[in-house]
Amino acid sequence: MDTRPRGLERSDFQLSRRLPKLFVVTGDKAISRPGFLETAAAVLSSGGGRCALQLRAHGIVGARFIALARELLSIARAAGSTLWINDRIDAALTLRADGVQLGSLSPSPLQARRLLGTACWIGRSVHSADEAAYALGNSADVAVLGNVFPSASHPGRAPLGPEEVRRAAGGGRPIVAIGGITEDNLTDVIEAGACGVAVLSGIWNADDPAQATKRYLAVLARASSDQ
């Protein structure tokens, strides 16, 4: 009898799909702005399958969170994009979201895998190359490493720098860089081995978030083609 926990093997779903290059991360400020859903739709339409919307909403709970996630999932599907949900494994399971992003206070990737099976990507937020290696060796599909550069989201945390990305990405491990990622420094983390980037302020604080998304993706395409 096969006694392995359900979901520890990789599914056809995961093997047949590539991780997005650009993760557009929400925050409470972005979500609270007038026209957020319309802006999110424009952002995802600009990126399609090349980007994912990552729903991070610490200030929204219960039925309101599920309702928002359901609307965003519908928007993502219409754009040919994907929706990842931060922390809320229950919401990802209920809505059949494309991915779940786990923080340091979330259940472990191994626990999440037991619940979600293999039809959902699992990301883990990490703060060092060693943490990334551990997460990826224990059921995470991708490690989101940060903050790489100085970030307004974490003003008191020293930046890791691209060299830590290089260490974490050794051997071709799937690393997404986060924290202070701009159009100007994005190439540095891709050259260091990151498979993609996660961006919050650089897109939501732009005059035109949809156009900012296109610019990030254009830089990503150029940087990736040079590898």
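Which residues of helix α6 (residues 109–116) are buried? Select Pro109, Ala112, Arg113 and Leu116: these are the buried residues of α6, where buried means under 20% relative accessible area, exposed over 50%, and partly exposed in between (1.4 Å probe, protein chains only). They lie on the same side of α6, because they cover an arc of only 100° around the axis; the arc is that of the directions from the helix axis to the C-beta atoms. Helices (H or I, at least four residues) and strands (E, at least two) are DSSP runs, numbered from the N terminus.

The model is predicted: local features need pLDDT of at least 70, side-chain atom pairs count only at pLDDT 80 or more, and totals for chains, interfaces and linings use all residues. Residues are numbered from 1 along each chain as its sequence is written, and side-chain values use heavy atoms, with hydrogens and water left out.

**Stop 1: from α6 to Asp141**

Stay at the end of α6 and select Gly117, which comes just after the helix and takes a positive phi of about 70°. Then return to Arg113 and show its side chain together with that of Asp141. The two side chains make a polar contact (2.8 Å); such a contact is a pair of N or O atoms within 3.5 Å, and within protein one must be able to donate a hydrogen and the other to accept it, while residues adjacent in sequence count only if both atoms are side-chain atoms. Asp141 lies in the loop between α7 (129–136) and β6 (142–145) and is buried, with a relative accessible area of 8%.

In that loop between α7 and β6, select Ser139 as well. Its phi is near 85°, a positive value in a residue other than glycine, and at 10% relative accessibility Ser139 counts as buried.

**Stop 2**

Select strand β2 (residues 51–55), where five of five residues are buried. Cys51, Leu53 and Leu55 are on one side of β2, and Ala52 and Gln54 are on the other.

Leu22 has Cys51 as its bridge partner, and Val24 has Leu53. Leu22 and Val24 point one way from β1, Phe23 and Val25 the other way, and all are buried. β1 also pairs with β8, in the parallel sense over three bridges, with Leu22 opposite Val197.

Next select strand β3 (residues 82–86), which pairs with β2 in the parallel sense over four bridges. Leu53 stands opposite Leu83 here. Follow the chain from β2 through helix α4 (residues 62–79) to β3: this β-α-β crossover is right-handed, as the path from the first strand over the helix to the second runs clockwise with the strands pointing away from the viewer.

**Stop 3: two loop residues**

Select Asp87, in the loop between β3 and α5 (89–95). Its phi is near 70°, a positive value in a residue other than glycine, and Asp87 is partly exposed, with a relative accessible area of 30%.

Then go to Asn147, in the loop between β6 and α8 (162–168). The peptide bond from Gly146 to Asn147 is cis, with omega near -5°.

How values were computed: Two strands pair if DSSP finds at least two bridges between them.
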